[in-house]
Amino acid sequence: MKKYLLFLAVCFLGFVIGIVASHNRSVMNFYARPVVAQSKVLGPVSLGMKNKQDLRPTTPVDVEQVIEQLNRKATDAIRSSWVHIREAKKFDTDLPNNGVLPNGVAIPNEQSNDIWYYVDEQGMITKTVSIMHDKDGNIVQVGVGSNGTSWNSATDEVDVQNYLQLEGLDGGFLKELMWLKSFGSNPVMKSVELPNGHPGVQITIIDKFDEPLDGDAYKVPAVAIETVATFDSTTGYLISWEKIFYFQDGARRIFSQITQEVQIEPPTEEVLAYLSEKDRRVER
Amino acid sequence: MKTTAKLLTMIFLLSIFFGLSVGSVLASQKDWYGKVGGVNVHASKWVGLGGYMWSTDLYSGAAQNINIIGYTYWTIGEYCPNTYTWAYWKQYPGDYKATSSYYYTAANVYYRGCNGISRYWSLGNHDFAYGNQHIYPYVSTYERR
């Protein structure tokens with residue numbers, strides 16, 4: 001028993017030393033950085049949150065497992081075919097846009113993204129074309145990946161292609177859920193009926209902060225963030241995903257709102273043209 | 001006893017390694033060291049990931065006051081490797097301090113989101129001038145989740 005406790009103590013000590021060393025930036029700095037400014041960035045306001053317990057009853061279901069099952073349902077049958085995700089994304093912030101790309105085009109607060117993936121026999125995404133439009137239908141940027149290379153139209157940069165498995169049609173929600181859980185968030189799930197008559201599931205995460213979050217999007221800090229994601233249980237697809245910010249004065253704003261439609265369908269001429277265009281850029 | 005000591009040492013070292021890797025998942029930093037006009041200088045960029053936002057900073061430092069210290073441009077962005085598109089992009093115009101030994105600036109940005117994994121970039125040229133020498137070292141770093 002004594003030996004066991006000794007081993008545990010050594011483990012814990014080593015782990016703590018490792019964590020502290022990896023976060024101790026002053027050890028790596030040749031000269032002292034302004035401590036006050038550094039603590040503003042490194043403090044809990046920007047790097048994390050203190051989670052107040054959600055008082056609503058949690059369902060005795062592993063939410064991660066449910067999303068994984070939905071993702072498998074959504075993607076298991078997609079082999080040797082194209083999948084088209086039509087994503088509508090809207091931001092309500094105090095900023096006019098999400099930045100201006102090097103070609104002078106702004107990343108708009110209202111955008112629609114047509115994402116095309118070709119999925120091979122092993123479930124790997126071997127071709128990608130993603131076209132971002134603003135609300136007037138103008139092209140903002142195009143991202144293309146195939147034949148080992150990739151290209152973005154706004155930066156005109158050529159890079160390597162990322163070979164990824166099609167793991168879900170959840171808009172990245174499972175990854176987000178696991179990320180928030182690592183900070184102590186507690187997701188709650190309930191069954192819903194969708195407008196199309198299909199059964200669905202809705203996942204809600206509410207995080208309240210002892211130290212308000214002060215980020216770029218709003219003039220005032222946020223005191224809580226609510227995440228609501230809805231899935232179609234018949235297809236496994238993500239239907240919608242909202243992030244709602246709450247402020248000290250009681251105001252509430254929908255930071256981001258995503259709705260998604262998925263079709264298994266052949267690519268358009270425009271998609272094929274972008275694949276060719278990327279290969280031309282690579283050859284240059 | 002010798003075996004126990006060896007085992008303890010191994011566990012201790014493995015635990016440090018594990019702690020380092022866990023601790024460093026949330027942040028990355030890139031440093032450059034050089035000289036301008038004979039004075040040691042340091043350029044650094046850092047990216048850290050929080051629950052709902054990412055933070056990044058830029059630091060230019062010198063061993064003593066120099067004529068110009070700052071940056072010529074600083075770009076931060078959220079890149080979506082699944083779709084090869086940018087969800088967020090901001091380029092700050094250059095800035096500097098005269099007759100100083102450091103320049104520091106930072107930003108906190110809410111995640112805009114990607115249809116998959118995300119990469120958070122911080123890159124650009126720092127600015128150092130002293131005597132008749134002027135240098136612009138490029139430093140970039142990113143973190144991912």
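Predicted model: local features only at pLDDT ≥ 70, side-chain atom pairs only at ≥ 80, totals over all residues.
Helix 6 of chain A keeps Phe173(A), Leu174(A), Glu176(A), Leu177(A), Trp179(A) and Leu180(A) buried, buried being under 20% relative accessible area with a 1.4 Å probe and protein chains only. Helices (H or I, at least four residues) and strands (E, at least two) are DSSP runs numbered from the N terminus.

Residues are numbered from 1 along each chain as its sequence is written, chains are lettered from A and ligands numbered from 1 in the order in which they are written, and side-chain values use heavy atoms, with hydrogens and water left out. Chain A has a mean pLDDT (the predictor's confidence in each residue, from 0 to 100) of 86, with 82% of its residues at 70 or more. Over residues 21-58 of chain A, pLDDT stays under 50, and the model has 96 contacts beyond four places in sequence for that stretch.

Now for the cores. A nonpolar core is a set of buried Ala, Val, Leu, Ile, Met, Phe, Trp, Tyr and Cys residues joined through side-chain atoms within 4.5 Å. The largest one holds 56 residues, and Ile67(A), Phe231(A), Trp54(B) and Tyr110(B) touch the most other members. Strand 3 (residues 53-80) of chain B gives this core its largest share, 9 residues. Another core, of 12 residues, lies apart from it, with Ile78(A), Ile85(A), Val119(A) and Leu166(A) among its members.

A cavity is a set of points, on a 1 Å grid over the protein atoms alone, where a 1.4 Å probe fits but cannot get out, and lining residues have an atom within 4 Å of a point. The largest cavity has a volume of about 160 Å³, volume being the space filled by probe spheres set on the points. Of its 20 lining residues, Trp241(A), Ile258(A), Arg112(B), Gly113(B) and Cys114(B) are the closest to the centre. Helix 6 (173-181) of chain A turns up again here, as one of the elements giving two or more residues to this lining.

Definitions and conventions
Contact = heavy atoms within 4.5 Å. Buried < 20%, exposed > 50% of the residue type's maximum accessible area, 1.4 Å probe, protein only. 1 Å grid on protein atoms, 1.4 Å probe; cavity = no way out; pocket = protein on both sides within 12 Å on 5 of 7 lines; lining within 4 Å.
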